[in-house]
Amino acid sequence: MKIRHGLLLIGLLALGGCSWMPHFGKNKTAEQQTLMKAVTGEVDYTLSHAIPDDAYLEVTLADVSKQDAPARVIATDKIAPIGPPPVSFVLSYEPSDLAGGVDFAVSAKIKQGDRTLAGSDTQVSVLGNSGNDGPVRVVISEIH
């Protein structure tokens, strides 16, 4: 009889542990989501030609702190199809991704495959030293 109760207790504990684990994982995901931050804004453009149907808008948040090194990309938002301007975007990031950086910028490009059709030519500073956490406006011009 004692063995049966012992086995029953072990079985209940094992099942209880199994039901607890998915619940623990879900809470962690919800916790991570609440820690996410975002930079929002709009991309404005005026082009002399129509945008191809297969083109997309790529908006990037990057760490531009190091002048002698390529920018470290923190977040990217790809938008397709591209609607009429201005086009809204959201760049979600974890605050820990900003570690080590002090200057951050948002840039945007209209691309078709690997080809860039238009892009921003002015750096839009955000976060870090700028203190600007959005919303921001990025202007795109044609690339000739």
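Predicted model: local features only at pLDDT ≥ 70, side-chain atom pairs only at ≥ 80, totals over all residues.
Residues are numbered from 1 along each chain as its sequence is written, and side-chain values use heavy atoms, leaving out hydrogens and water.

Back to the strands. Strand 1 and strand 4 are antiparallel and share seven bridges. Strand 1 also runs parallel to strand 8, with five bridges joining them; there, D44 has V139 of strand 8 as its bridge partner. Two strands count as paired if DSSP finds at least two bridges between them.

Now the whole chain. It has one helix and eight strands, in the order α-β-β-β-β-β-β-β-β. Helices (H or I, at least four residues) and strands (E, at least two) are DSSP runs, numbered from the N terminus.

What about the inside? Of the chain's 144 residues, 28% count as buried, meaning under 20% relative accessible area with a 1.4 Å probe, protein chains only; exposed is over 50%, and partly exposed lies in between. The largest nonpolar core has 29 residues, and L57, L61, F89, V106 and I110 have the most contacts inside it. Strands 1 (37-45), 2 (56-63), 3 (72-79), 4 (87-93), 5 (104-112), 6 (115-120), 7 (124-126) and 8 (136-142) each supply at least two residues of this core. By nonpolar core I mean buried Ala, Val, Leu, Ile, Met, Phe, Trp, Tyr and Cys residues joined through side-chain atoms within 4.5 Å.

Take F89: beyond four places in sequence, its contacts (heavy atoms within 4.5 Å) include V39, V59, I79, V106 and V138.

Here's a curious one: K111, in strand 5.

Finally, confidence. The chain averages a pLDDT of 82, and 76% of the residues score at least 70; pLDDT is the predictor's confidence in each residue, from 0 to 100. Over residues 4-9 the pLDDT is below 50, and residues 15-28 stay under 50, with zero contacts beyond four places in sequence.
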